[in-house]
Amino acid sequence: MKGHSVTDLPLEGQPKIRVLVVDDHPAMRDGLRHYIDSEPDMTVAGEATDGKSAVEEFLRLRPDVTLMDLQMQIAGGLQAISAIRSHAAHAVIVVLTTYPGEARTRRALALGATSYLLKSSSADAIVGAIRASFVGQRVLTDELAAGLKQSLPMEQLSPRELDVMRWIAEGATNLQIAETLHVSEQTVKTHVKSILAKLGAHDRTHAVAIARRRGYIDP
């Protein structure tokens, strides 16, 4: 985690950093509210329990920073990030999720997330990331930053390959995938061959394990 100096903090007398907390677990929201409201320079402006309500609350509250979970019911965090950034191009969004993986991190950052942290991060790291993101810095855990750096030479799965990969993870056959995606079975076989090569997998089961670890599909 990058360090933060005292100069990163808002000056005395300035308004507090208003944070929107988005998470579908009440205990997690309660814990985050406790830590954030305990800080002298920030406050929880509101809460949301899914991606849909996150967008609604963002538009209503216009918080300085949105702390966003990714795995939620109704609409996930990635959808919410995209929607929020379509309304506010400079919105500050800090992802706080259980799931690592450089592909998932890339997707979140590409959609407009400012920073990306894991829920295993300490409370100090989370509030530090809120401050740093508020003043324009990007914060990634060391683990995620290293994963992104290591993955740079790797080929990324195309959108269509991602579709096929998700159906593979569901246990669908090539024929079933072809019928679902309205393509030929030979086309699916070509995609599967490309997926295995890009992931360095020796079979479909191995590909699913790698795709989950790297964040192409959710656990």
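The following legends describe close-up views of a predicted model.

**View 1. The largest pocket of the predicted model and the residues at its centre.** The largest pocket has a volume of about 300 Å³. Its lining consists of 16 residues, and those closest to the centre of the pocket are Q71, R107, R166, I217 and D218.

**View 2. Helices that contribute to the lining of the largest pocket.** At least two lining residues come from each of α3 (77–87), α4 (102–111) and α7 (159–169). Helix α3 provides the largest share of the lining, namely 3 residues.

View 3. Sorted by class, the lining of the largest pocket comprises 6 nonpolar, 4 polar and 6 charged residues.

**View 4. Crossing of helices α7 and α8.** Helix α7, which also supplies at least two residues of the pocket lining, has an axis that comes within 10 Å of the axis of α8 (residues 174–181), and the two axes cross at roughly 130°. The crossing of α7 and α8 is right-handed.

**View 5. Residues in the contact between α7 and α8.** On the α7 side, the contact is made by R160, D163, V164, W167 and I168. On the α8 side, the contributing residues are I177, T180 and L181. By class, the contact of α7 with α8 contains 5 nonpolar residues, 1 polar residue and 2 charged residues.

Technical notes: Residues numbered from 1 in each chain as written. Predicted model: local features only at pLDDT ≥ 70, side-chain atom pairs only at ≥ 80, totals over all residues. Heavy atoms only, no water. 1 Å grid on protein atoms, 1.4 Å probe; cavity = no way out; pocket = protein on both sides within 12 Å on 5 of 7 lines; lining within 4 Å. Points joined across faces, edges and corners; volume = space filled by probe spheres on them. Helix = DSSP H or I, 4+ residues; strand = E, 2+ residues; numbered from the N terminus. Nonpolar A, V, L, I, M, F, W, Y, C, P; charged D, E, K, R; others polar. Axes fitted to C-alpha atoms, helices over the stretch in contact; angles between N-to-C directions. Left-handed = near helix turned anticlockwise from the far one by under 90°. Contact = heavy atoms within 4.5 Å.
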